Amino acid sequence: MEGESPTSTAMCLRCGYELRGLAPTGVCPECGLSIAESLEKRRLGLSSPGYLASLRLGALVAMVALAIYIAAGFVRWHLIGFLFTPGTQKYFVFLDIAGAALLVFGVWKLTIDDPGLHIKDQARTNKRAMKCAAAGLLLLAIFELLVALRAPLPTIAIGVSPAALSLSAVIMIMAGALWNLACWLTLATGLVNYTRWLAVRVPDHRLLGMAKSMSWLLPVAIAAAFVASLIFGTATRVVPLGLMAWLLGSARERIRSESGG
Ligand SMILES: [Zn+2]
C-alpha cells in the first residue's frame, strides 16, 4: 500500500465511510468529520501502548471466559448426567459465575476509552451494551447458583414432563432463559459493532468483512442455540460462543500486529 495517496485505505473514524480518493483536506461526505482528523488520530497503531495492551488483555480474558462458558455448558449437560453423582451436576453453575466474572473483567479492559480520541468517537454505546450484558450474565449465574444451593435446579429436559414442574418454577426458568438470551444478543451486537469500529481504525477490510458477516450470523446462531438448548441442553452454546471467541481472536490478532508484536 506504500506510495498510494494517504486516503487510499482509510475509512472515516466516526462513521466508517470509505475515504478512498478523497482529498485529505476535505470532510467526510457522510458525517462531516474532517478527513485529516480521521487520518491522524484514528490509526490504532498510533494509540498509546498502554491502551493497546489493555485491549489485547481484555480480548484474551474474554476469550478465556467464553471457553469456560463452553466447558460449563458441557459439564452441566444433562445428557452426560450419568457421569456424575446424582444431584451434583447442578453445582457446576459455579463455572458460569467464573466465566461471567472473567467476562466482566475482559469486557471492561477491552472497552476502555482511547485517551487520544474525542469523546464522540469512542463507540461508547457499543461499549456500554457489552458491559451491561456481561454484568447481566454474572447476575444470572449468581442467581442460578443460589437456586441450585437451595433446591434442585429445575430444568426443562428430556424425560421431565413439564407437568411435574410447578407454575412458578416454569415462569422462573423462562424468565432466566429470556434474560440469558437478551444478554447474549446484546453482548454479540455490541461486540460486532465494536469490532467494526476497531477494524475501521486499523484499517482492516478483512476484519470489517468478518464483523459484517457476524452481525447476522451471531444473532442467528444465538437464537438457534437458544431453541436447541430447550431440547438438547446447555452444550448447544458451543456454536455461538465459539463464533464470538473467533471474532475476538481475530480482533486481538489485528490489535497485536498494530502494536508491533
Ligand atoms: Zn464519516
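Predicted model: local features only at pLDDT ≥ 70, side-chain atom pairs only at ≥ 80, totals over all residues.
The crossing in which H2 passes H3 is left-handed. When the residues of this contact are sorted by kind, 17 are nonpolar, four are polar and two are charged.

Helix H3, made up of residues 93-110, also packs with helix H5, which spans residues 167-201. Here the angle is about 25° and the axes are 13 Å apart. Since angles under 35 degrees count as roughly parallel, H3 is roughly parallel to H5. The crossing of H3 and H5 is left-handed. On the H3 side, the residues that take part are Leu-103, Val-107 and Leu-110, and they meet Trp-184, Leu-187, Leu-191 and Tyr-194 on the H5 side. The residues of this contact comprise seven nonpolar ones, with no polar and no charged residue among them.

A pair of aromatic rings is described by the distance of the centres and the angle of the planes. In this model the count comes to four aromatic pairs. One of them joins Tyr-194 and Trp-197, whose rings lie 5.5 Å centre to centre with 15° between the planes. Because planes under 30 degrees apart count as stacked, this pair of Tyr-194 and Trp-197 is called stacked. The two residues are three residues apart in helix H5, so they are separated by about one helical turn. Tyr-194 has a relative accessibility of 1% and therefore counts as buried, and Trp-197, with a relative accessible area of 9%, is buried as well.

A last stop is Ala-129, which lies in helix H4, the helix of residues 124-150. With a relative accessibility of 21%, Ala-129 counts as partly exposed, because the word buried is kept for values under 20%. Leaving aside residues up to four places away in sequence, Ala-129 touches Thr-186 and Gly-190. The C-alpha atoms of Ala-129 and Thr-189 are separated by 8.1 Å, although these two residues are 60 residues apart along the chain.

Notes:
Residues numbered from 1 in each chain as written. Heavy atoms only, no water. Axes fitted to C-alpha atoms, helices over the stretch in contact; angles between N-to-C directions. Helix = DSSP H or I, 4+ residues; strand = E, 2+ residues; numbered from the N terminus. Parallel < 35°, antiparallel > 145°, perpendicular 65-115°, else oblique. Left-handed = near helix turned anticlockwise from the far one by under 90°. Contact = heavy atoms within 4.5 Å. Nonpolar A, V, L, I, M, F, W, Y, C, P; charged D, E, K, R; others polar. Phe/Tyr/Trp six-rings, centres within 6.5 Å; stacked < 30°, edge-to-face > 60°. Buried < 20%, exposed > 50% of the residue type's maximum accessible area, 1.4 Å probe, protein only.
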